[in-house]
Amino acid sequence: MNFASDNWAGAAPAVMSALTRHNNGFASAYATDPLTQSVSDTFSEIFEREVAVYQVATGSAANSLSLAAYAKPGGVIFCHQTAHIQVDECNCPEFMTGGNKLAGVPGAFGKMTPDALENAMAAYPDGVVHHGQVAAVSLTQATEWGTVYTLDEIAAIKSVAGSRGMPLHMDGARFANALVSLGCSPADMTWKAGVDVLSFGATKNGCWCAEAVVFFDLEAAKGFEYFRKRGGHLFSKNRFVAAQFEGYFENDNWMATAAHANAMASSLAEGIREAGGRTACPVEANEVFPILKRRQFEALEAAGAKLYEWPADDLPSDAKPADDEVCLRMVTSFATVEADVDAFLSVLADTV
């Protein structure tokens, strides 16, 4: 009953097979090998246009380095107040961008609204040297609350960002889960909706350590190899990062793993509601935020369930847990099996 995080799962079989397959022989170093180029071509096919791809090992590196490409002196980067870059990356984006400020934007369930973004931007007017310069907008897809921006919502955020000449960055740590949720193409969810640069996450969805910075604006990508090298993410044996992507993409494995994770989350949410519990927000990807009695939480932990108590301060007042309740976070993955879901729900039913 391990629902702590999709980071706790191992690598998917297809990814491990690809790593083993490419372990033999020799290949040129520092991302000059044929496999790295082949995977870059696959990215262009997936996104239905030529893209510039830079493979890295972690999501924090992908986010921080991609934002560094758009940094300005005194720059301000706008993101949701609960975004990973704001809360969970040890100020790496600020460090990599040379001190650009992150400005948190409010919004229910991890999603900023165009109006809230516009209000936040108003505090940094153009041409006022004392306030700095607006530099970029970053949104997370799927969000820290497991919700998903619709295509229209992404386009609306881009419209506001574009009104001040800012690029739109997407933190796609759970990109495939959001894609499955929307049922659209990767192109639809990115550049066709106005995204300029994407942190393409694969680690949470079955890779070992494979992320990528994907530029849809090829002009902005020029010189990015120096950012990656300086950031310590130009791997000498990059073929092993590329191999993960090869296994990830072949036969649409990445879509299958994400669809499975999302389905397991939906089953959990449905079962929790049937047992009399509730969820703090819509379940749209592979994260579930149930609100249960604290005694239920303690009974589940005693039975071996792995899950986290989650801060509920920014939930709407009508969604917050009562004094005897607790908000939890549960995350499913490609490795989650129905028996784990059933076991969890069985323990929960015994606590009702």
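The legends below describe close-up views of a predicted model.

Local features are reported at pLDDT of at least 70 and side-chain atom pairs at pLDDT 80 or more, whereas totals for chains, interfaces and linings use all residues. Residues are numbered from 1 along each chain as its sequence is written, and side-chain values rest on heavy atoms, without hydrogens and water.

View 1. Seven strands are arranged in the order β1-β7-β6-β5-β4-β2-β3, with mixed pairing. Strands (E, at least two residues) and helices (H or I, at least four) are DSSP runs numbered from the N terminus, and two strands pair if DSSP finds at least two bridges between them. Because β1 (52-56) and β3 (101-105) each have a single partner strand, one side of each lacks a neighbour in the sheet. On average, neighbouring strands are turned by 20 degrees against each other, direction ignored.

**View 2. The β5-β6 pair and helix α2.** β5 (residues 168-172) runs parallel to β6 (residues 197-201), and four bridges join the two strands. D171 has S199 of β6 as its bridge partner. Helix α2 (residues 34-46) packs on the sheet and touches β1, β6 and β7 (211-215). The direction of α2 makes about 125 degrees with that of β1. Axes are lines fitted to C-alpha atoms, for helices over the stretch in contact, and angles between N-to-C directions run from 0 to 180 degrees. Contact means heavy atoms within 4.5 Å.

**View 3. Packing of α13 on α15.** The axes of α13 (residues 253-274) and α15 (residues 338-350) are 10 Å apart, at an angle of about 15 degrees. The two helices, α13 and α15, are therefore roughly parallel; the classes are roughly parallel under 35 degrees, roughly antiparallel over 145, roughly perpendicular from 65 to 115, and oblique for the rest. The crossing is right-handed, a term for a near helix turned clockwise from the far one by less than a right angle, with anticlockwise being left-handed. M264, S267, L268, G271 and I272 of α13 meet E338, V341, F344, L345 and L348 of α15. Seven of these contact residues are nonpolar, two polar and one charged. Ala, Val, Leu, Ile, Met, Phe, Trp, Tyr, Cys and Pro count as nonpolar, Asp, Glu, Lys and Arg as charged, and the others, Gly among them, as polar.

**View 4. Packing of α1 on α12.** Helix α1 (residues 13-21) packs against α12 at about 135 degrees, with the axes 7 Å apart, and the two are therefore oblique to each other. This crossing is also right-handed. From α1, the contact takes in A14, V15, A18, L19 and R21; from α12, F240, A243, Q244, E246, G247 and Y248. By class, there are seven nonpolar, two polar and two charged residues.

**View 5. R174 and helix α8.** R174 lies in the loop between β5 and α8. R174 is buried, at 6% relative accessible area; buried means under 20%, exposed over 50%, and partly exposed in between (1.4 Å probe, protein chains only). Beyond its neighbours within four places in sequence, R174 contacts D6, Q141, A142, K204, N286, E287, R329 and V331. In α8 (residues 175-182), F175, A176, N177, A178 and L179 are buried. These buried residues pack against β5, α9 (186-189), β6, α12 (239-249) and α13. G183, with a positive phi near 70 degrees, follows α8.

**View 6. The covered helix α3.** Eight of the 10 residues of α3 (residues 59-68) are buried. They are A61, A62, N63, S64, L65, S66, L67 and A68.
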